[in-house]
Amino acid sequence: MAAKDDRTTPPPPPAPLAVAVADSHTHLDMQSGTPAEALAKAAAVGVTTVVQVGCDLPGSRWAADLAAEFAQVHAAVALHPNEAPRLVLGDPDGWSGQRRTPGGSAALDEALAEIDRLAALPQVRAVGETGLDYFRTGPEGVDIQKESFRRHIEIAKRHGKALVIHDRDAHQDVIEVLLAEGAPERTVFHCYSGDAEMAKTCAEHGWYLSFAGPVTFKANQPLRDALAVTPLDRVLVETDAPFLTPHPYRGRPNAPYLIPVTVRSMAQTLGLTEEELSGAIAANTARAFGY
């Protein structure tokens, strides 16, 4: 019973960072406690800014509202790659946990019109997370995902907002769509999961790579190799909380206050001081999201 309880217990706060940074990707709406509590806990350890990311229409509206309420929150709005096929084809496993009935292309059009409206708001700094995810969506959803991705790219460019990429088991296709459509000036690969060669390709195009808890996992040396070849001015850090809690707390609830754990691991990989990396991350995140 103790082991089970430990997995539900939030990890202890790490020592504060000397230079404040931003969590470039989090989901406060999926975490326990109130947003105000989470933001205060994060600020206490030097995480003074967060990007709250929407995955569907309710989540995107919530992100925009939260960013309007808290100056330290910036919003990103989108339909997650898995959400687009759910809208069109129907699926019982949507983000709300409720069954979706098939809505066809009209449902996708209507949802994207709302994302377009939200993207125009000043507190919304990015369109995302969008992209491709071949892990949970079968072949029947691939074309729908690509269409949704292309239209998110257009929305981001038209509003001058950053684009936040979700890329799972779809590296080559994601890059091909970005190059075919023309990536926005500011493009962020959230929870980067590619190898060093892909990181070099991203660097050539000036894209930002955001690293999360998996970069701290012992088995993920290829991910650390990717970090090592990423230009320092293109490195971001994130939690993707409540998911992807960094080592040694893997499996326990994640939250923005745990960013220092990942930052310190990344600094060790790069041979930098904590302060050097934190300063770069702070500047990079502000540049990437335009705040």
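Me: On a 1 Å grid over the protein atoms alone, a pocket is an open set of points with protein on both sides within 12 Å along at least five of seven lines, and its lining residues have an atom within 4 Å of a point. What volume does the second largest pocket have, and which residues are the closest to its centre?

Reply: The second largest pocket has a volume of about 220 Å³, and of the 13 residues lining it, Pro10, Ser32, Lys41, Ala255 and Tyr257 are the closest to its centre. The volume is the space filled by probe spheres set on the points, which are joined across faces, edges and corners. Please keep in mind that this is a predicted model, in which local features need pLDDT of at least 70 and side-chain atom pairs count only at pLDDT 80 or more, while totals for chains, interfaces and linings use all residues. Residues are numbered from 1 along each chain as its sequence is written, and side-chain values use heavy atoms, with hydrogens and water left out.

Me: What makes up the lining of the largest pocket, by class?

Reply: Nine residues are nonpolar, seven polar and eight charged, where Asp, Glu, Lys and Arg count as charged, Ala, Val, Leu, Ile, Met, Phe, Trp, Tyr, Cys and Pro as nonpolar, and the others, Gly among them, as polar. The largest pocket holds about 600 Å³ of space, and of its 24 lining residues, Arg136, His166, Arg168, Asp240 and Leu244 lie nearest the centre. By the definition of the classes, Arg136, Arg168 and Asp240 are therefore charged, whereas Leu244 is nonpolar. Strand 5 (162-168) and strand 4 (124-133) each give the lining at least two residues, and strand 5 provides the largest share, three residues.

Me: Why is Cys191 called buried, and why is Leu244 called partly exposed?

Reply: Buried means under 20% relative accessible area and exposed over 50%, with partly exposed in between, using a 1.4 Å probe and protein chains only. Cys191 has 16%, so it is buried, and Leu244 has 31%, so it is partly exposed. Cys191, although not a glycine, has a positive phi of about 45 degrees, and Leu244, also not a glycine, has a positive phi of about 60 degrees. Leu244 is found in the loop between strand 8 and helix 10, a loop that also holds Pro242, and the peptide bond from Ala241 to Pro242 is cis, with omega near 15 degrees.

Me: How do you know that the buried residues of helix 2 are on the same side?

Reply: Those residues are Ala38, Leu39 and Ala42, in a helix spanning residues 35-43. They cover an arc of only 95 degrees around the axis, and therefore lie on the same side of helix 2, the arc being taken from the directions from the helix axis to the C-beta atoms. They pack against strand 2 (47-53) and strand 3 (73-77), where contact means heavy atoms within 4.5 Å. Helices (H or I, at least four residues) and strands (E, at least two) are DSSP runs, numbered from the N terminus.

Me: Which residues touch the most other members of the largest nonpolar core?

Reply: Phe149, Leu178, Phe189, Tyr192 and Phe211 do, among 69 residues. Helix 5 (residues 104-119) contributes the largest share of this core, seven residues. A nonpolar core is a set of buried Ala, Val, Leu, Ile, Met, Phe, Trp, Tyr and Cys residues joined through side-chain atoms within 4.5 Å.

How values were computed: On a 1 Å grid over the protein atoms alone, a cavity is a set of points where a 1.4 Å probe fits but cannot get out, and a pocket is an open set with protein on both sides within 12 Å along at least five of seven lines; lining residues have an atom within 4 Å of a point.
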